[in-house]
Amino acid sequence: MIGFQYARAGNVADAVRLIAGDPIAKFVAGGTNLIDLMKMDVERPTTVIDINRLPLKEVEDIAGGGLRVGALVRNTDLAYHPFVEQRYPVLASAVMAGASQQLRNMASTGGNLLQRTRCHYFYDTATPCNKRAPGSGCSAIGGHNRMHAILGANEACIAVHPSDMCVALAMLEAKVHVTGASGERVIAFAEFHRLPGDTPQRDTNLDAGELITAVELPPRGFATNYTYLKVRDRLSYAFALVSVAVGLELEGDTIREGRLALGGVAHKPWRDPQAEAALRGQPAETATFARAAEVLLRDAKGYEHNSFKIDLARRCIMRAFTQAARGTPQSQSSKKIV
Ligand SMILES: Cc1cc2nc3c(=O)[nH]c(=O)nc-3n(C[C@H](O)[C@H](O)[C@H](O)COP(=O)(O)OP(=O)(O)OC[C@H]3O[C@@H](n4cnc5c(N)ncnc54)[C@H](O)[C@@H]3O)c2cc1C
Ligand code: SF4
């Protein structure tokens, strides 16, 4: 690891001021992604600004319903928080599907949103990678691309966003609260992460020096009919090949509102209003779920090693909706270990 300075921020204003003075600095929260990237020489911050003392560790009710989750709430604390377990079980389930208990004890809400892709070439500094070294090329297109994108990719980058939590946050239509040198703003979750376009080095629409302060969950939690289904190479401690977060609001057997987001398939959690429109007012049955899957995956394109993901995603969507409609969600929980 190469040398760097360490600074500790005492409050939000202090954190913003410190990073404004050093554009190559990075905030560190749990450190479970950033420190690995520094050890592998992928990230080279001049200064690491420790934000762990900031007062961003609460999960609070907000006026009009909904929940405000501080950026430093640890993944474990989020998944086991009673408000989250009861009102947003799809989020609790998605968080529990990620990483390991030890990692979830350290990983923060803000850091989870900003974790980088797990594309092997991104971590291997001996290979070309447009995300790590813009303009150098994409080694995954002609290389090992089993884990890579089937939606929204282009010749610049076919990496996927690796988070589980973010798939549930996309489905729930969360909002991200940020503070920077020019003040505070709120970013809709659908606008937070980016597709590669011609700037694959940029994962999000966060401006340089902006600090995530909280994630806001809207009142609607789909707490009765939901599921988070994650398919991976091992039952735990592995990133998703495909994951699906779904929620249904039912009137008898008819779908009043349906939500669907896919993980492991694109540079950002993948949602499509047209697929959700195909659910509205329809019977909660196999044919409806198949139509929604068809719409969501209509532009899916595989590469040499990952075409299997297209059929896998379709099957996952069908299974997830069937579980949600029956009120029998996929269980991701395990006993709390602290
Ligand atoms: C072996 C392993 C397996 C894993 N498996 C999974 C998995 O299956 N599913 C999954 O979803 N995740 C998985 N993860 C990833 C893990 O969830 C992330 O590393 C973690 O969520 C990152 O949070 P952190 O607080 O440690 O972030 P850090 O490493 O501290 O920071 C990550 C990035 O976010 C920035 N940052 C952090 N907080 C803020 C903030 N408030 N404002 C602005 N910038 C900020 C940092 O500057 C850095 O760029 C795995 C990780 C490992 C190491
Ligand atoms: S897929 Fe993206 S992250 Fe992976 S090698 Fe290509 S440019 Fe780099």
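A residue counts as partly exposed when its relative accessible area falls between the buried limit, under 20%, and the exposed limit, over 50%. In this predicted model, Leu195 has a relative accessible area of 36% and is therefore partly exposed. Leu195 belongs to the loop that runs between helix 10 (189–192) and strand 8 (211–217). Along the chain, Leu195 and Cys157 are 38 residues apart, and their C-alpha atoms are separated by 9.1 Å.

Cys157 is also one of the residues around ligand 2 that come nearest, together with Cys119, Cys129, Cys138 and Ile158. The shell of ligand 2 comprises 14 residues. By class, 10 of these are nonpolar, 3 are polar and 1 is charged. The space that ligand 2 takes up is the largest cavity.

Aromatic contacts were examined next. The structure contains 3 aromatic pairs. In one of them, Phe122 and Tyr123, the ring centres are 5.5 Å apart and the planes meet at 85 degrees; this angle is over the 60 degrees required, so the pair is classed as edge-to-face. Both partners are covered. Phe122 has a relative accessible area of 1% and is therefore buried. Tyr123, at 12%, also falls under the 20% limit, so Tyr123 is buried.

A further pair is formed by Phe289 and Phe321, whose ring centres lie 5.1 Å apart. Their planes are at 20 degrees, under the limit of 30 degrees, so this pair is stacked. Phe289 lies in helix 12 (residues 286–296) and Phe321 in helix 13 (residues 308–326); the pair therefore ties together parts that are 32 residues apart in sequence. Phe289 and Phe321 are both buried.

A ring also takes part in a contact with a charged side chain. The charged end of Arg87 is placed over the ring of Phe83, at 5.2 Å from the ring centre.

Helix 5 spans residues 89–96 and is mostly covered, with 8 of its 8 residues buried. The buried positions begin with Pro89, Val90, Leu91 and Ala92 and continue through Ser93, Ala94, Val95 and Met96.

How values were computed:
Residues numbered from 1 in each chain as written. Chains lettered and ligands numbered in written order. Predicted model: local features only at pLDDT ≥ 70, side-chain atom pairs only at ≥ 80, totals over all residues. Heavy atoms only, no water. Near = heavy atom within 4 Å. 1 Å grid on protein atoms, 1.4 Å probe; cavity = no way out; pocket = protein on both sides within 12 Å on 5 of 7 lines; lining within 4 Å. Sits in = over half its atoms within 2 Å of the grid points. Nonpolar A, V, L, I, M, F, W, Y, C, P; charged D, E, K, R; others polar. Phe/Tyr/Trp six-rings, centres within 6.5 Å; stacked < 30°, edge-to-face > 60°. Buried < 20%, exposed > 50% of the residue type's maximum accessible area, 1.4 Å probe, protein only. Helix = DSSP H or I, 4+ residues; strand = E, 2+ residues; numbered from the N terminus. Lys NZ or Arg CZ within 6 Å of the ring centre and 35° of its normal.
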